[in-house]
Amino acid sequence: MFEQIKEIIVNYVDVEESAVTENSRFIEDLGFNSYDFMSFLGEVEETFEITVEEEDVLKITTVGEAIKYIESLK
Amino acid sequence: MDKSKVKTLQDLIAESAECYGDKTFLKEKIGKNIVETSFRQLCENSKRVGRFLAETQGKKVHASLIGATSSAYLTAYFGTACSGNVIVPLDAQMKEDDLCDHLRRSDSEVFFFDKKFVPMLDAVRKNCPMVKTFVSLQEVEGETSLAKVLESYEPMEWTPISPDSLAAILFTSGTTGLSKGVMLLHSNFIDNTMCQDNESDESDVLLSVLPIHHVYCFTCDILLSLRYGTQVCVNDSMMHIAQNLKLFQPTIILLVPMIAETIYRKIKAFTDAHPEADINAVATATFGGRLRGIYSGGAYLNPTLSEAYRSFNIPIAQGYGMTECSPRISTAHLDDTNMESVGTIVNGCQVKIVDGEIWAKSPSVMAGYYKNPEATAESLTEDGWLRTGDLGYVDNTNHLYITGRKKNLIILSNGENVSPEELENKFSGLDWLSEVLVYAEDGQITAEIYPNQEFLAENGIDKIKELFTNHVSEVNKTVSTPKAIRRMRIRDVEFNKTTSKKIKRKQDIIGELIK
């Protein structure tokens, strides 16, 4: 899953896959803005066939948290 | 549609059903399905809600409505307003206390709610005893649903209503106790819907992305589409805007500048990574392939961004207005190349500049603030001029220009007035910068920035400091000495924003002082 998430991330922000770790924070470390982040989650929904609740969006700050969240829905 | 027949929202809905009948008015995603509602169905269903209100309430009432754009939402809206009742659309981001406060202050006796608000119902029932009737917009166990209402009540025969009757109370943003309820009459909505001509037609498809409780979205996405027979597709979430642009392939879209800017950056990032790609083709595909233009409103649109969009052959135009004017005062034209202005003043609206402030007078201007004569007197003159609170000017081609907000003016100790927006606008189009706010701190004009995080990651904070300092020197060369920026701060988190994505002027000062 981590690999797949990394592939999606690099489509949204200008970072190398190798620079993305589970501890990377989307906004502070990877340079997402709020709209990029929403679009990114939209793609995550499609890729993993899940539905992300908008209320949950604020709880996700790092890549690791996103992975845990996705796994909890699968 | 024959404009002369339309004087109220009731006429507008009836005429749209007459002119466009079974054509699809609204498309929305519900689960995996796309559900369509025709112009005729919206009219019929609104009449069912009208009968429900007449039979259960036995008098004219105020009904609050909270939720996202949907067929159910619009049915509750028009069902209430077209049967002579008053609709109160509330901000769907509201918290429990604010919700109860607004229900009480609007004297609502009926509450239409999205299922997201079910956890707040206990508090509403406890704190707002005058709310007697609850209707859920979706199926919710133990509650009367709108679908059930539509099933149980036959369409009523509408009794004609006066164009001067109250249609809606819309709260301006503001914290508890401070927001004001703008009273809009049927004639206000209709004037604003009918003031221009040939803006759209039956071949257009519009993607509605803005929050529906704002009058900009309601008038320009919904009422104009009912007039012109335009199909409206609902963007269900900001998470899905990219997918929805591809799915619905809209021809027009109304945005706030922040969304336009992010989409632009994404197109730019893609073409930077794929230099062989044709940027116009990428831009066209990003917007679904059929977009003929973007209308921007709600905040300042940077002319550099308009130019960039125009270079992709996607015209973007900005208009100007406010809730108190239903909302349009000036309107955008896609073929207008004047990027600095906020469009031309709409037909039937008079504008004059009084001490630098824009005043407007038109049949779209509100009746006043609900139960707030003091605020009404501050906003409306005795002879009906609306003091907009915005600073600006009009040129000899009827184009309107905004230079700032009167209440944001920084008054310096020497009595000189500085418009922070005027300085902030000098920071537009910089690749190292995401956001800027100008304010006075200890009597010193201060610029606080949130750098572009990608740029920061690549170039480091020292580079940002250098660019910021140099840019401030350049800006200071263009303004008189008292208006010069004296302090600079850099913050590492985004500024707090309103639900419509505008930066809030009142913020905690957290940026690191660098000068």
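The model is predicted: local features need pLDDT of at least 70, side-chain atom pairs count only at pLDDT 80 or more, and totals for chains, interfaces and linings use all residues. Residues are numbered from 1 along each chain as its sequence is written, and chains are lettered from A and ligands numbered from 1 in the order in which they are written.

Helices (H or I, at least four residues) and strands (E, at least two) are DSSP runs, numbered from the N terminus. Helix α10 of chain B spans residues 257–273. Its first and last C-alpha lie 24 Å apart, close to the 24 Å expected at 1.5 Å a residue (1.5 Å times one less than the number of residues). Its buried residues (20 or more other C-beta atoms within 10 Å of their own, C-beta atoms placed from the backbone) include B:Pro257, B:Met258 and B:Ile267. The buried residues of α10(B) pack against α2 (34–48) of chain A, and against elements of chain B including β12 (252–255) and α11 (279–286).

Contact means C-beta atoms, placed from the backbone, within 7 Å. By that test, 14 residues of chain A touch 15 residues of chain B. α2(A) supplies the largest share of the chain A side, 7 residues.

Strands pair if DSSP finds at least two bridges between them.

| Strands | Bridges | Direction |
|---|---|---|
| β15 (320–321) and β16 (328–331), chain B | 2 bridges | antiparallel |
| β16(B) and β17 (344–345), chain B | 2 bridges | antiparallel |

B:Gly321 stands opposite B:Arg328. B:Thr331 faces B:Thr344 in β17(B). The hairpin of β15(B) and β16(B) has 6 residues between the strands, and B:Ser326 takes a positive phi near 65° there.

Technical notes:
A residue is buried if 20 or more other C-beta atoms lie within 10 Å of its own, exposed if 12 or fewer, and partly exposed in between; C-beta atoms are placed from the backbone. Two residues are in contact if their C-beta atoms, placed from the backbone, lie within 7 Å.
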